[in-house]
Number of protein chains: 2
Amino acid sequence: MALSKKPVNGMKDILPEEMQIRDYVQQVIKETYRSFGFTPIETPCMENIANLSNKQGGENEKLIFKVMKRGEKLKIAEAKEEADLVDFGMRYDLTVPLVRFYANNANDLPSPFKALQMGSVWRADRPQRGRYRQFMQCDIDIIGEPSNLAEIELILATTTTIGRLGFKNFEIRINERRILKAMAAYSGFPEEEFDTVFIILDKMDKIGLDGVAEELAKEGYAKESIDKYLALFEGVSKAQNGIKYLADTLQGFLEPEVEQNLQEIIDSVEAAKTADFKMVFDPTLVRGMSYYTGTIFEIAMPELGAACGGGGRYDKMVGKFTGNDVPACGFSIGFERIILLLMESGFTVPMQRPKVAYLIEKGCTSEQVSKVIARAQEERVAGKQVLVVRMNKNKKFQKEKLTAEGYKDIVEFYKD
Amino acid sequence: MALSKKPVNGMKDILPEEMQIRDYVQQVIKETYRSFGFTPIETPCMENIANLSNKQGGENEKLIFKVMKRGEKLKIAEAKEEADLVDFGMRYDLTVPLVRFYANNANDLPSPFKALQMGSVWRADRPQRGRYRQFMQCDIDIIGEPSNLAEIELILATTTTIGRLGFKNFEIRINERRILKAMAAYSGFPEEEFDTVFIILDKMDKIGLDGVAEELAKEGYAKESIDKYLALFEGVSKAQNGIKYLADTLQGFLEPEVEQNLQEIIDSVEAAKTADFKMVFDPTLVRGMSYYTGTIFEIAMPELGAACGGGGRYDKMVGKFTGNDVPACGFSIGFERIILLLMESGFTVPMQRPKVAYLIEKGCTSEQVSKVIARAQEERVAGKQVLVVRMNKNKKFQKEKLTAEGYKDIVEFYKD
């Protein structure tokens, strides 16, 4: 079979220029998250297929790259369906593996456990421009903290990181799954229809209030419910304090502690924040994953139509593995979007080693070469980046290329 | 289906303690290799299955985790063999993907191209203690440098890195595929039997000279060939300079430049080395991969029976993708073995941030919590790692655990 130069369809090679920015961003992220007491962990890139197909992953479960059984376990002739042929799958996010990790290792972990994960995930989406089937995710999670201290620390850690990368004037949009549900219940939508209502609500930023009304009507919901529902959103936008307005209006539908809980998060973050951003209550924020149980949030960048990170509380997921619920909350940075924004803005990595190139003429004796290399070793120890290469016949072109690669200082060594 | 707490069979979760060491080692590796002008790149973890099954990977090709086709392309009822069901595979090393990367991107890369790769690879080996089916590899390669400048720089870069990690008194064993072949030809083994002879030779360190003789005899080779072959190894061990002895003895079988080439590598590395190690010519060194064409080398640690890294020259592999051969040479560090050795030696990561824990009593108002968090933010900016947690009822136990985790400084905040 012919060998293919291309990466597999929908995945990409990362070249030195982008890689340098990725490495720098990863380092800033790790360094900042560590200062908040998050500890890095890693899980295998594959999980048992049952763990990935338990309905926690929503739509992502349709996009799993599946790994075929091997050896005697693989019985192609007898296979009737995919499940007969497959034992593992590539992870589609870092949350399911984290929860499995926690269930597996809880006895050896501090409580609360503050985890940092940076790793690739895979989704067999239809390939499209700027969207890849292998991409990096970068998550922090706090497992075992029931109070909103978790949300506050997660939002502060993430915004501090984003701020250190030079982003300004962004927003953290925040909402609560319980507010979402109370608004739908108050408006009279049947509980089994909530998910459909939320999928439509999620399009608000694209199709507006009228578009949402239209789509809800198309689904056949009562006009009274739709009117009541939309009036709530209009009420929020007119209110001094949208959270207070909803808490007052939704009495009997909304747990009373939700208002105070959400307000505390917003106030504490505003009081302690170090980056240039705003906390914004957004009752139209839905977040797709079905595992969220409380607070949900998203980073919105002015430079970007879409969100570039998000997360929320998922208090019921650990229990699926252990039988005992443990409170949990996480925040994921949209690493690839951050990189894209930095690349587009012409970002250059700060504080690099000075770059020196040594050109050795062909025909130098091995003693001469040894001396050049020994000198390079000294300069490297002294903090420089030293490239040692053979001098080309077309030295001028070679030097121009090296200069373009950032080698400002070029030293030539000729044979005696 | 029940959810499994365990990682998939043969792969492992990495806990905070090990992760801290891994992060540190990765950072030292990257930093050192960068000082030598190596630039990080990344390729997808999957490759088209044809690229992984082209006989370059030797035994590893039998250990591929294969990824099943998806959607309409997957036709289970019609499938007769694995190949009908599979389109991608998990990479089993970083060399095949590097060469594909180079073939795909050569126009955008400097020449010579000095690549640094750190990434996971997968091999469906039978799980056994200390050996995992997903593990990290860490490779540097120089593509486009025909001279031994490549070998010298690779060995210096790798040994400098290993030295910075605190290892001493190790050896770099070096040999040449052309010497291996010349020794076998001189002894009268038929060329098509060379690989079998080398597989037996490779066991020398385990079964000794007599064991090798015995196994060669068992294969049915002529006694005369075996005697001549073994006499060569005895000759090397008695010689002042084993390389010179072989060059003299193997005249007519060995290209004349091999002696000088190998001697220059050894001399230049000895002259410029900064770490505490020795260069050792070892004519029994084989290295399994069939793609090597010239120099081959290995790191041998006194603490370890086995090698913990190796590499060599593979001048014929780029041509398999592009039709034009380009000289190439690489060195891979056995990352997992390095980590294991460091863990076993009780290694602790140097220069960490001072760790402070803030305990907040339950019942503190949100204003109080805000103040504590704001103070934590200040300390983080000032360079400390600050953990903010709720005070437990059993405060004494909580503080003991935090102290054990390295939080030497614990500050308590009580409600007013």
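Predicted model: local features only at pLDDT ≥ 70, side-chain atom pairs only at ≥ 80, totals over all residues.
Visitor: What are the ground rules for names and values?
Guide: Residues are numbered from 1 along each chain as its sequence is written, and chains are lettered from A and ligands numbered from 1 in the order in which they are written.

Visitor: What does chain A look like overall?
Guide: Chain A has 15 helices and 14 strands. Helices (H or I, at least four residues) and strands (E, at least two) are DSSP runs, numbered from the N terminus. The C-alpha trace of chain A spans about 95 × 65 × 45 Å along its principal axes. Of the 416 residues in chain A, 58% are buried.

Visitor: Why is A:Gln385 called buried?
Guide: Buried means under 20% relative accessible area, exposed over 50%, partly exposed in between (1.4 Å probe, protein chains only). A:Gln385 has 9% relative accessibility, so A:Gln385 counts as buried. It lies in strand β13 (residues 385-390) of chain A.

Visitor: What does A:Gln385 touch?
Guide: Contact means heavy atoms within 4.5 Å. Setting aside residues up to four places away in sequence, the partners of A:Gln385 include A:Arg353, A:Tyr407, B:Arg34 and B:Gly37.

Visitor: What makes a set of residues a nonpolar core?
Guide: The set holds buried Ala, Val, Leu, Ile, Met, Phe, Trp, Tyr and Cys residues, joined through side-chain atoms within 4.5 Å. The largest such core here has 244 residues. Among those with the most contacts inside it are A:Leu85 and B:Val25. A second, separate core of 20 residues includes A:Val8, B:Val8, B:Met46 and B:Phe65. In soluble globular proteins, nonpolar side chains tend to be buried together.

Visitor: Which residues does A:Leu85 touch?
Guide: Not counting residues up to four places away in sequence, A:Leu85 touches residues including A:Val67, A:Ile76, B:Met68 and B:Leu85.

Visitor: How do you know that chain B and chain A share an interface?
Guide: Count the contacts. 102 residues of chain B are in contact with 102 residues of chain A. The two chains bury about 8800 Å² between them, 60% of it on carbon and sulfur atoms. Buried area is the accessible area (1.4 Å probe) that two parts lose on being put together, summed over both. B:Leu3, B:Lys5 and B:Glu42 supply 8% of the area that chain B buries against chain A, more than any other three residues.

Visitor: Why is the pair B:Lys30 and A:Asp23 called a salt bridge?
Guide: A salt bridge is a side-chain nitrogen of Lys or Arg within 4 Å of a carboxyl oxygen of Asp or Glu. For B:Lys30 and A:Asp23 the N to O value is 2.7 Å. The pair meets the rule. Between chain B and chain A the count is 11 salt bridges; over all chains it comes to 59.

Visitor: What makes B:Arg100 and B:Glu47 a tie between parts of chain B?
Guide: Their closest N and O atoms are 2.7 Å apart, in a salt bridge. B:Arg100 lies in helix α4 (residues 95-105) and B:Glu47 in strand β2 (residues 46-48), so the pair ties together parts that are 53 residues apart in sequence. Both residues are buried.

Visitor: Are B:Glu270 and B:Lys273 buried or partly exposed?
Guide: B:Glu270 has a relative accessible area of 30%, so B:Glu270 is partly exposed. B:Lys273 is at 26%, so B:Lys273 is partly exposed. They form a salt bridge, with the closest N and O atoms 2.7 Å apart.

Note on methods:
Heavy atoms only, no water.
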